Amino acid sequence: MASTGTPKQQTWEQQQSQVQKVKSSGVNMINGSPTDDYKEEEMTESALALFRAKEEEIERKKMEVRDRVQAYGPCRGSHSALGRHPRKQLKFMSWQELDALIDPMRKEVAVLRKKVDTVNRELKPLGQTCQKKEREYKEALETVNEKEKEKAQLVSKLMELVSESERLRMKKLEELSRNIETLH
């Protein structure tokens, strides 16, 4: 999507696009297939890229404000009711506010990033174990199905043999019975 807007608009549009990617890349974890793992990893990377883009945007705006504050130059002019120069007061307040922008949640963000990384590292072998066990289960299920089929064929053959044996014995018994009657 090519945009002809200002750089701010383009950055905002890119961020919105990334947000949409993150939202629309929901993963169905029923089968735990490699495709789902790839989608989940892609979603995590998109979320991190979105975060980085927003961090860069905040840093860029912070630098713009810092440049504007510096552009005020030395203090001249009338004093305020508090006895300070208005420009000096503005500059002081602006520096304080800029320092406060150093991300008040930096520690929490760092802790959560570490937790996400840890969970990602734990997920990879767990996913591989799950896939291995799923393959083993499928192989075992296939073996069970083959044995069930073989058993059904053997039972069928056994029934045929038992029926044939009974028929032959009955025939032999009838023959013996007729021979005995003819002897009497």
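**View 1. Glu-150 counts as partly exposed, at 37% relative accessibility.** Buried means under 20% relative accessible area, exposed means over 50%, and partly exposed is in between (1.4 Å probe, protein chains only). The model is predicted: local features need pLDDT of at least 70, side-chain atom pairs count only at pLDDT 80 or more, and totals for chains, interfaces and linings use all residues. Residues are numbered from 1 along each chain as its sequence is written, and side-chain values use heavy atoms, without hydrogens or water. Glu-150 meets the side chain of Lys-147 in a salt bridge, 3.5 Å from N to O. A salt bridge here is a side-chain nitrogen of Lys or Arg within 4 Å of a carboxyl oxygen of Asp or Glu. Lys-147 is exposed, with a relative accessible area of 52%.

View 2. The members are Glu-57, Arg-60, Lys-61 and Glu-64. Start with Glu-57 and Lys-61: their closest N and O atoms are 3.8 Å apart. Both lie in helix H2 (residues 34-71), 4 residues apart, about one turn of the helix. Glu-57 is buried, at 13% relative accessible area. Now turn to Glu-64 and Arg-60, whose closest N and O atoms are 2.9 Å apart. These two are also 4 residues apart in helix H2, so about one helical turn separates them. Glu-64 counts as partly exposed, at 35% relative accessibility. Arg-60 is partly exposed as well, at 31%. By the salt-bridge rule, the count comes to 5.

**View 3. Glutamates gather in a patch of negative charge on the surface.** The patch holds Glu-136, Glu-139, Glu-142 and Glu-146. Patch residues have over 30% relative accessible area and no salt bridge; like charges are joined within 9 Å, and nonpolar side chains (Val, Leu, Ile, Met, Phe, Trp, Tyr) within 5 Å. Asp and Glu count as negative, Lys and Arg as positive; His and the chain ends are not counted. The charge is placed at CD of Glu, CG of Asp, NZ of Lys or CZ of Arg. Glu-139 sits in helix H4 (residues 106-183). At 53% relative accessibility, Glu-139 counts as exposed.

**View 4. Val-119, Leu-123 and Leu-126 make a nonpolar surface patch.** The patch covers about 260 Å². Areas come from the Shrake-Rupley method with a 1.4 Å probe; for residues, only the protein chains shown count as cover. Leu-123 belongs to helix H4. Its relative accessible area is 37%, so Leu-123 is partly exposed.

**View 5. UniProt lists a "coiled-coil region" at residues 130-164.** The listing comes from an unreviewed entry. UniProt positions use the numbering given here, feature names are shortened, and annotations may be inferred rather than shown by experiment. In the model, this stretch is 100% helix and 0% strand. Its end C-alpha atoms are 50 Å apart.

**View 6. The chain has 4 helices and 0 strands.** Helices (H or I, at least four residues) and strands (E, at least two) are DSSP runs, numbered from the N terminus. Read along the sequence, the pattern is α-α-α-α. How much of the chain is buried? Buried residues make up 9% of its 184 residues.
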